[in-house]
Amino acid sequence: MLAQPPETMECYCLRWSAYIINGHGGNEQLRTITQNPNQGLPYVKESISCAILGNYNAKVDKDFILKRENWWKSTLKTRIPLGYNQK
């Protein structure tokens with residue numbers, strides 16, 4: 001396995017540490033679940049998973065990255081009502 005450059009790992013950590021800490025990382029749908037007394041953070045930790053589907057360095061155009069992210073959301077059907085993404 002190839003080692004990731006430190007700046008890549010730092011970006012991953014920054015991006016996903018909020019999800020690990022509070023269970024929602026700012027996502028409104030997940031925030032609703034974490035605040036629900038019948039579900040909460042334990043439910044999110046047990047029921048929600050994620051995967052890194054692409055890795056781009058800081059030199060890649062932001063619009064390209066956003067288009068790719070949207071392609072994955074469409075392909076995996078992660079938008080409401082089937083998933084937790086609003087856009």
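Q: Which residue lies over the face of W71?
A: Happy to start here, with a predicted model in which local features need pLDDT of at least 70, side-chain atom pairs count only at pLDDT 80 or more, and totals for chains, interfaces and linings use all residues. Residues are numbered from 1 along each chain as its sequence is written, and side-chain values use heavy atoms, leaving out hydrogens and water. A charge sits over a ring if NZ of Lys or CZ of Arg is within 6 Å of the ring centre and within 35 degrees of the ring normal. At 4.4 Å from the ring centre of W71, the residue is R68.

Q: How many aromatic pairs are there?
A: Rings of Phe, Tyr and Trp (its six-membered ring) pair if their centres lie within 6.5 Å; planes under 30 degrees apart are stacked, over 60 edge-to-face, and the rest tilted. By this rule, the count is 2.

Q: Are the planes of Y56 and F64 stacked or edge-to-face?
A: The ring centres of Y56 and F64 are 5.5 Å apart. Their planes meet at 85°, so the pair is edge-to-face.

Q: What is the angle between the planes of W71 and W72?
A: These two rings form an edge-to-face pair, 4.8 Å centre to centre. The angle between their planes is 75°.

Q: Is W72 buried or partly exposed?
A: Buried means under 20% relative accessible area, exposed over 50%, and partly exposed in between (1.4 Å probe, protein chains only). W72 has a relative accessible area of 26%. Therefore W72 is partly exposed.
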